[in-house]
Amino acid sequence: MFMNPLLPPLWPMIATAVETETEIAPLVLAGVLLSLVVVYFASKLGGEVCLRLNLPPVLGELVGGVLVGVSALKLLLFPEGGLAPEDSLVIQLLMGSADLSPEAAASVFSAQSEVISVISELGVIILLFEIGLESNLKELIRVGPQAAIVAVVGVVTPFSLGTIGLMTIFGVAAIPAIFAGAALTATSIGITAKVLAEINRLSSNEGQIIIGAAVLDDILGIIVLAVVGSLVKTGEIQISNIIYLILSATGFVVGSILIGRLLSPFYVSLVNRMKTRGQLLLVSICVAFVLSYIAQIVQLEAILGSFAAGLILAETEKREDLEEQILPLADFFVPVFFVCVGAKTDVSVLNPAVPANREGLIIAAFLIVVAIVGKVVTGFTLFGKSELNKLAIGVGMIPRGEVGLVFAGVGAASGALDPATDAAIIVMVIVTTFVAPPWLRAVFEGAKKEEAQEKPVPTPE
């Protein structure tokens with residue numbers, strides 16, 4: 001075989017690469033294990049503190065993530081934030097205890113962060129599967145028109161107010177303004193659903209409307225993000241891409257539920273025939289993962305697939321057993337998601353002492369007002385429904401959470417957002433994510449107290 005003498009020998013390079021990979025693999029595992037210890041410690045500490053302060057534990061998990069993340073202790077970091085491996089205390093510990101070289105540290109940092117991010121994504125998938133199990137498909141269909149109104153108003157109002165306000169008041173260019181307006185349309189179904197479950201309001205009319213609207217918001221948000229992304233890349237909106245996303249979203253949601261209900265007897269029969277341990281949980285998780293995969297490849301969010309799977313399996317006789325078995329799995333994976341959301345949030349953009357932050361803070365104040373008002377008004381668009389807690393519906397749509405961070409990340413990566421606008425979006429996401437959970441709880445508890453006071457006191461005969 002002819003070999004070019006000018007080229008370096010191939011086998012030594014391959015051998016070196018294999019040797020390096022073999023050396024760092026145990027350290028990647030060690031980094032993941034340490035990171036998970038940090039995640040669970042932060043989630044439990046934050047959750048316990050918030051629970052004792054009569055606040056939603058999910059808020060504590062987010063705060064715990066902030067404390068161990070880029071904003072404070074730097075125990076849980078991710079390279080997409082522009083951070084170096086030596087910024088992570090976990091990597092520093094590995095470098096000190098395992099004689100890890102700086103070159104290998106970069107590979108360990110990247111691989112460890114990727115593993116934690118994947119576990120985080122699995123966490124939100126399992127969370128939405130659990131929420132789907134706890135939801136009632138018939139109730140969601142019943143409140144469907146109301147949820148659709150809330151979702152559409154919750155997208156159109158903040159998007160139009162945000163975009164027009166940034167262009168006219170602050171003189172922001174069209175594309176950054178449109179991107180910021182698009183970020184205002186998001187709703188974090190994961191955060192809202194967790195709070196609703198914690199206060200036992202998930203099955204209420206308001207809870208079902210919020211969940212239904214949040215799911216629709218997710219679909220509409222994906223479409224808006226695709227449209228804005230196309231506008232940034234090509235300078236024009238591709239109608240064909242919009243039509244495809246609308247049709248794929250509608251077809252997936254409706255089709256998965258219809259086909260799932262037809263196949264559910266086969267699912268029950270299969271589980272009943274199996275004799276091995278964990279058959280119900282594993283078969284059900286496979287259903288959730290398959291639908292999540294399909295949702296992902298048709299350019300939707302994987303969480304829509306897992307939520308649809310939960311709705312389908314909730315209609316079967318296995319619902320109660322599955323709800324019980326999914327809890328330990330959710331306890332393992334879900335905290336990783338919420339802590340990671342907090343860890344990736346850089347609250348240093350809130351520091352007004354830094355001159356570069358001031359313009360962003362002024363824009364952020366405007367975006368926060370629009371973000372809150374644009375969602376709160378959604379509940380009050382349900383005319384003639386006096387029995388509903390309309391304020392609770394609006395408040396439940398406020399948190400942007402990880403969805404808002406996705407918009408900010410895509411905007412920054414595409415170059416569409418200047419630093420001030422990017423910082424403003426991050427601040428808006430932080431405030432709405434942390435304000436909404438305690439506010440939602442307070443609104444429901446306030447309504448409960450009013451109902452108790454209005455009840456007539458029985459008089460003795």
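The stops below run from the whole chain to single residues.

**Before you start.** This is a predicted model: local features need pLDDT of at least 70, side-chain atom pairs count only at pLDDT 80 or more, and totals for chains, interfaces and linings use all residues. Residues are numbered from 1 along each chain as its sequence is written, and side-chain values use heavy atoms, with hydrogens and water left out.

**Stop 1: the whole chain.** Show the protein chain as a cartoon. There are 17 helices and zero strands. Both are DSSP runs, numbered from the N terminus: helices are H or I with at least four residues, strands are E with at least two. Of the 461 residues, 50% count as buried. Buried means under 20% relative accessible area, exposed means over 50%, and partly exposed is in between (1.4 Å probe, protein chains only). Contact means heavy atoms within 4.5 Å. Among contacts between residues at least 6 apart in sequence, 76% join residues at least 24 apart.

**Stop 2: the core.** Select L76, F129, I211, L367, I425 and M428. These residues have the most contacts inside the largest nonpolar core, which has 139 residues. The largest share of this core, 14 residues, comes from helix α4 (residues 102–134). A nonpolar core is a set of buried Ala, Val, Leu, Ile, Met, Phe, Trp, Tyr and Cys residues joined through side-chain atoms within 4.5 Å. Next, zoom in on M428. Leaving aside neighbours within four places in sequence, M428 is in contact with A183, L184, L367, I368, A371 and R400.

**Stop 3: D217.** Select D217, in helix α9 (residues 205–234). Is D217 buried or exposed? D217 counts as buried because its relative accessible area is 1%. A polar contact of 2.8 Å joins the two side chains, D217 and K375. A polar contact is a pair of N or O atoms within 3.5 Å; within protein, one must be able to donate a hydrogen and the other to accept it, and residues adjacent in sequence count only if both atoms are side-chain atoms. Beyond its neighbours within four places in sequence, D217 also contacts others, including A151, V155 and M397.

**Stop 4: two loops.** Most residues other than glycine have a negative phi. Select K74, in the loop between α2 (57–68) and α3 (89–97). K74 is not a glycine, yet has a positive phi of about 60°. At 30% relative accessibility, K74 is partly exposed. Stay in the loop between α2 and α3 for S88. S88 is buried, at 1% relative accessibility. Leaving aside neighbours within four places in sequence, S88 is in contact with K74, L75, L77 and F109. Now go to N200, in the loop between α8 (189–198) and α9. N200 has a positive phi of about 55° and is not a glycine either. N200 is exposed, with a relative accessible area of 69%.

**Stop 5: I242.** Select I242 in helix α10 (residues 239–273). I242 is buried, at 18% relative accessibility. Then pick V224. The C-alpha atoms of I242 and V224 are separated by 8.5 Å, and the two residues are 18 residues apart along the chain.
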